[in-house]
Amino acid sequence: SAMNPHKDFKMDMQHSEFKDYDESTQDGSTEQDETVYEMDKNRDRFPYSIVWTSLPGITCCLPFIGHTGICDKKGIIHDFSGPYTVTIDDMAFGRPQKYIPLEIDEHTSRVWDRALNKADENYRKQMHNLFCNNCHSHVAHALNLMHYKGRNNWNMVDIWLMTVFNSKYVHTDSPIKIYLGFLIFAIVLFIVCAI
């Protein structure tokens with residue numbers, strides 16, 4: 001049966017056994033990657049960030065609803081893109097249009113990729129549900145495993161609020177891509193209702 005995506009939320013990171021594919025060497029030993037990776041919007045690299053893109057057929061009607069992913073320390077996007085599927089470096093539904101840089105302390109930086117990999121592993125065992133177990137849930141689960149900002153109760157509503165109020169546009173034309181469809185939809189709806 002599908003596991004509960006919330007059961008690991010209170011996991012003690014210091015006693016957890018994570019496989020960190022970014023920090024493991026060929027002989028199986030583990031070493032910390034101290035490299036500071038820079039944001040590169042042209043390559044869709046957003047280190048320590050949440051990213052957002054439009055959902056076809058939905059964002060044009062509800063422009064505050066979209067698809068989210070979370071990036072590792074190198075900026076590579078991980079997103080829960082469908083049933084039992086976590087996509088890496090190939091964001092479902094298109095390139096990011098908004099991003100939320102997260103506040104990183106020493107502890108969060110140290111456990112970030114291991115926690116993200118564990119969240120991916122857990123969600124590859126999950127059925128996707130648009131309303132209660134979706135891409136926002138995956139991002140929240142990753143933040144809980146990291147104990148981001150000392151919390152282990154992040155949820156999909158928290159992530160949605162971040163994408164609405166704390167996000168930045170990737171490019172100057174991103175608002176056009178996000179809201180043009182809604183504007184057309186609203187005009188057509190107005191004309192239809194006026195007839």
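From the N terminus on, the secondary-structure elements of the protein chain follow the order β-β-β-β-β-α-α-α-β-α, giving four helices and six strands. Helices (H or I, at least four residues) and strands (E, at least two) are DSSP runs, numbered from the N terminus. The model is predicted: local features need pLDDT of at least 70, side-chain atom pairs count only at pLDDT 80 or more, and totals for chains, interfaces and linings use all residues. Residues are numbered from 1 along each chain as its sequence is written, and side-chain values use heavy atoms, with hydrogens and water left out.

Of the 195 residues in the protein chain, 45% are buried; buried denotes under 20% relative accessible area, exposed over 50%, and partly exposed in between (1.4 Å probe, protein chains only). Among contacts (heavy atoms within 4.5 Å) between residues at least 6 apart in sequence, 68% join residues at least 24 apart.

Strand pairing was assigned where DSSP finds at least two bridges between two strands. Strands β1 (49-54) and β5 (98-101) pair in the antiparallel sense over four bridges, and I50 stands opposite I100 in β5. Strand β5 is also joined to β6 (residues 168-169) by two bridges, again with an antiparallel course. Within β6, K168 is the bridge partner of Y99.

Leaving aside neighbours within four places in sequence, L102 is in contact with Y48, S49, I50, W112, L143, Y148 and M162. C71 counts as buried because its relative accessibility is 0%.

Helix α3 contains the buried residues D158, I159, M162 and T163. Seen down the helix axis, the buried residues of α3 fall within an arc of 135°, so they line one face of the helix; the arc is that of the directions from the helix axis to the C-beta atoms. These buried residues pack against β1, β2 (66-71), β5 and α2. The N-terminal end of α3 is capped by N155, a side-chain oxygen of which lies 2.9 Å from the backbone nitrogen of V157.

Polar contacts were taken as pairs of N or O atoms within 3.5 Å; within protein, one atom must be able to donate a hydrogen and the other to accept it, and residues adjacent in sequence count only if both atoms are side-chain atoms. In helix α1, T108 is buried because its relative accessibility is 2%. The side chains of T108 and D105 are joined by a polar contact of 2.6 Å. The loop between α1 (106-123) and α2 (135-146) holds N129, which is partly exposed at a relative accessible area of 32%. The side chain of N129 reaches the backbone nitrogen of C132 at 3.2 Å. N129 and G82 are 47 residues apart in sequence, and their C-alpha atoms are 8.4 Å apart in space.

Backbone geometry was also examined in the loops. Y84 has a positive phi of about 60° although it is not a glycine. Y84 is placed in the loop between β3 (77-82) and β4 (85-88) and is partly exposed, with a relative accessible area of 46%. K149, likewise not a glycine, has a positive phi of about 55°; K149 lies in the loop between α2 and α3.

Cysteine residues were considered last. A disulfide is a covalent bond between the sulfur atoms of two cysteines. With a disulfide taken as a pair of cysteine sulfur atoms within 2.5 Å, a search of the whole structure finds zero disulfides. C193 is exposed, with a relative accessible area of 59%, whereas C71 is buried at 0% relative accessibility.
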